[in-house]
Amino acid sequence: MAEEKRTEIDKLGEFGLIERLAGGVKHYHPETIRGIGDDAAVLDIGNEFLITSTDLLTEGIHFDLSYVPLQHLGYKAIAVNVSDIAAMNGKPKQVTVSMGLSNRFSVEAVEALYEGIHAACKDYEVDLVGGDTTASSSGLILSVTALGTVGKHDIIYRSGAQENDILCVTGDLGGAFIGLQILEREKQEYLANPEMQPKLEKYDYVVGRQLRPKARMDILHELRDLVVKPSAMIDLSDGLASDAFHLCKASDLGIVIYEDKLPIDKQTYETAAEFSMDPNTCALNGGEDYELLFTIPPGDFDKIKNHADIHTIGYMQKKENGKAFVTRNGNTVELKAQGWKHF
């Protein structure tokens with residue numbers, strides 16, 4: 001009997017696995033406009049599109065409850081899904097929350113989690129409309145589905161970028177990754193000495209970036225006020241380089257990113273130095289910043305050039321010219337993506 005072939009999932013990685021599974025997916029309904037391969041699925045509901053996204057968070061993989069307060073976890077679970085709706089230029093409307101709970105969680109603990117969920121729903125003006133609960137043998141599992149709407153002429157995909165479009169990013173980068181390093185260091189110090197008190201005041205910004213990220217709905221409103229519609233957009237969950245590669249693949253283009261244009265907060269920069277880390281590497285590959293990465297036509301540059309929270313960091317180029325990273329001293333090297341690996 002022939003031995004059954006076995007391929008380890010980590011050989012493919014998350015995106016290789018998704019691509020392989022998506023190869024067998026067929027759509028049977030004309031209302032399905034866009035499925036796997038963007039920040040959210042797109043369904044035609046008449047006068048506008050319904051957009052929907054699902055995110056799964058697993059204890060021990062995506063979060064560590066030894067330093068993540070349940071209220072913050074609840075808030076983050078909603079915010080990261082709202083961020084996917086934002087990346088499609090949509091307005092979030094409803095969410096569902098499903099949970100797997102082990103017996104170490106009390107009613108009060110679940111209430112604390114929902115305190116954060118309710119706070120995020122209030123901030124983003126979304127309705128919590130349902131979900132499911134079940135037992136778990138391995139800690140806490142959270143699954144959030146977000147629903148939103150967008151006008152048919154307002155939808156933005158990853159695939160709309162054109163050659164010479166300007167690459168923009170909101171906010172600053174690398175802070176969430178550095179915040180995670182701080183929290184992990186504090187955990188190890190606590191394990192070595194349970195009497196120690198955490199020293200987080202100095203790192204309030206980067207720790208906040210990790211524990212309580214914000215979906216950039218504000219930027220969507222400001223872009224509309226500026227009469228700027230990005231040609232392509234994605235939210236930064238896996239790291240700037242990895243998510244820029246998604247834009248490249250979807251738009252069939254190459255890219256150029258400039259090191260001296262990367263927006264990095266002072267606290268991120270200084271804390272990276274404490275860990276002997278290159279802050280630019282943290283910005284490129286850290287992940288979980290949940291900022292918006294988007295492209296605009298060159299003609300729209302003047303409209304956004306003075307915006308304090310939108311930074312131009314590069315441009316799109318022909319696919320055959322590759323993915324380039326221009327260092328501070330003017331050297332051009334191949335852009336590498338070493339972002340978050342799920343397997």
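In strand β3, T52 is the bridge partner of A41. This is a predicted model in which local features need pLDDT of at least 70 and side-chain atom pairs count only at pLDDT 80 or more, while totals for chains, interfaces and linings use all residues. Residues are numbered from 1 along each chain as its sequence is written, and side-chain values use heavy atoms, without hydrogens and water.

**Strands**

- β2 and β3 (residues 48-58) pair in the antiparallel sense over four bridges; pairing requires at least two DSSP bridges between two strands, and strands are DSSP E runs of at least two residues, numbered from the N terminus.
- Three residues separate β2 and β3 in their hairpin, where G46 in the turn has a positive phi of about 115 degrees.
- β1 (residues 32-34) is joined by two bridges to β2 (residues 41-44), and the two run antiparallel.
- T32 stands opposite L43 in β2.
- The hairpin of β1 and β2 has six residues between the strands, and G37 in the turn has a positive phi of about 120 degrees.

**Nonpolar cores**

- A nonpolar core is a set of buried (under 20% relative accessible area, 1.4 Å probe, protein chains only) Ala, Val, Leu, Ile, Met, Phe, Trp, Tyr and Cys residues joined through side-chain atoms within 4.5 Å.
- The largest nonpolar core has 64 residues, of which L70, L73, I78, Y124 and L142 touch the most other members.
- Helix α2 (residues 70-87) gives the most to this core, with ten residues; helices are DSSP H or I runs of at least four residues.
- Apart from this core lies another, of 23 residues, among them L253, I257, M316 and L335.

Note on methods
Buried means under 20% relative accessible area, exposed over 50%, partly exposed in between (1.4 Å probe, protein chains only).
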